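Colleague: Hi! I'd like to get to know this protein a bit. Could you walk me through it?

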Amino acid sequence: MTSLVVSPDPLSLPLTDPRLNDYPFLFMVDPRSIDLDDAEAEALRNYLLNGGFLLVDDFWGIYEWTQFYRALKQIFPDREPIDLELDLPIFHAVFDLDLKPQIPAVGMAMMGREQGITYEWNKPGSETPHYRAVYDDKGRMCMMICWNTDLGDGWEEEGTDPWYFKEFSEKYAYPLGINIIF
């Protein structure tokens, strides 16, 4: 959907692989059970503080946040994630978003369509989407955390259902993804 040239094949590397530094953008999906050892936490911290960027997406509810936050404190024991306000450029850089979207998984969207429910009702604390960031010492966003939303489903499920594509992929997932990359 953009003129960016990207590989169609995903690459999965261990966090301790030195080749990680060859890639400026990492995408972590569904970190609900993330478990880092000290070497992995240190490698990711070094990657992020040396110019890398990590987008974290698709985890829901208080329990999954607690699990992720534990790993985040291993990576950055001295930093806290900051809630992103809607007036920040990341929500307006290329596409102007008027809200912080909650993009449901396609299956949850189909089940909640009649009631307008976009959260995972089986996971307490998932009602509100949160966009948070961790910044490096120079004020550069090195990690964006998208909690209680699933941008990835908006990118990968565009052909599943025309309604889902129109309501979530086209309106929110693609525009926000392009803004983040930009």
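Modeller: Happy to! Let's begin with helix 1, residues 38-49, which lies across strand 1, strand 2 (53-57) and strand 5 (141-147). Helix 1 runs at about 120° to strand 2. Axes are lines fitted to C-alpha atoms, for helices over the stretch in contact, and angles run from 0 to 180 degrees between N-to-C directions. Contact means heavy atoms within 4.5 Å. Helices (H or I, at least four residues) and strands (E, at least two) are DSSP runs, numbered from the N terminus.

Colleague: Before we go on, what kind of model is this, and how are residues numbered?

Modeller: This is a predicted model, with residues numbered from 1 along each chain as its sequence is written; local features need pLDDT of at least 70, and side-chain atom pairs count only at pLDDT 80 or more. Totals for chains, interfaces and linings use all residues, while side-chain values use heavy atoms, with hydrogens and water left out.

Colleague: Thanks! Which strands does helix 2 lie across?

Modeller: Helix 2, residues 61-75, lies across strand 1, strand 2, strand 4 and strand 5. Its angle to strand 5 is about 160°.

Colleague: What is the strand order in the sheet?

Modeller: The five strands make an open sheet in the order 1-2-5-4-3, and the pairing is mixed. Strand 1 (25-29) and strand 3 (82-83) are the edge strands, each pairing on one side only. Two strands count as paired if DSSP finds at least two bridges between them.

Colleague: How many bridges join strand 2 to strand 5, and which way do they run?

Modeller: Four bridges join them, and they run parallel. Leu-54 has Met-143 in strand 5 as its bridge partner.

Colleague: And what about strand 4 and strand 5?

Modeller: Those two pair over six bridges in the antiparallel sense.

Colleague: How is strand 3 held to strand 4?

Modeller: Two bridges join strand 3 to strand 4, residues 130-135, and the two strands run antiparallel. Asp-83 has Arg-132 in strand 4 as its bridge partner.

Colleague: Where do side chains point in a strand?

Modeller: In a regular strand, they alternate between the two faces of the sheet.

Colleague: How many residues of strand 5 are buried?

Modeller: Seven of its seven residues are buried, so strand 5 is mostly covered. Buried means under 20% relative accessible area, exposed means over 50%, and partly exposed is in between (1.4 Å probe, protein chains only). Across the protein, buried residues make up 46% of the 182 residues.

Colleague: Let's change topic. Is Glu-64 buried or exposed?

Modeller: Glu-64, which is found in helix 2, is buried because its relative accessible area is 5%. Not counting residues up to four places away in sequence, Glu-64 touches Arg-32, Phe-59 and Lys-123. Glu-64 and Arg-32 are 32 residues apart in sequence, with their C-alpha atoms 4.7 Å apart in space. A polar atom of the Glu-64 side chain also lies 2.7 Å from the backbone nitrogen of Trp-60.

Colleague: Where does Ser-126 lie?

Modeller: Ser-126 is in the loop between helix 3 and strand 4. Ser-126 counts as buried because its relative accessibility is 0%. Its side chain reaches the backbone oxygen of Glu-120 at 2.6 Å and that of Lys-123 at 2.9 Å. Leaving aside neighbours within four places in sequence, the contacts of Ser-126 include Trp-60, Gln-102 and Asn-148.

Colleague: And Met-111, buried or exposed?

Modeller: Met-111 counts as exposed because its relative accessibility is 52%. Met-111 is found in helix 3, residues 106-112.

Colleague: Last topic, the whole protein. How many helices and strands are there?

Modeller: There are five helices and five strands. The radius of gyration is 16 Å, close to the 16 Å that the globule rule gives for 182 residues, so the protein is as compact as a globular protein of that length. That radius is taken over C-alpha atoms, and the globule rule is 2.2 Å times the number of residues to the power 0.38.

How values were computed
Polar contact = N/O pair within 3.5 Å; in protein donor to acceptor, adjacent residues only side chain to side chain.
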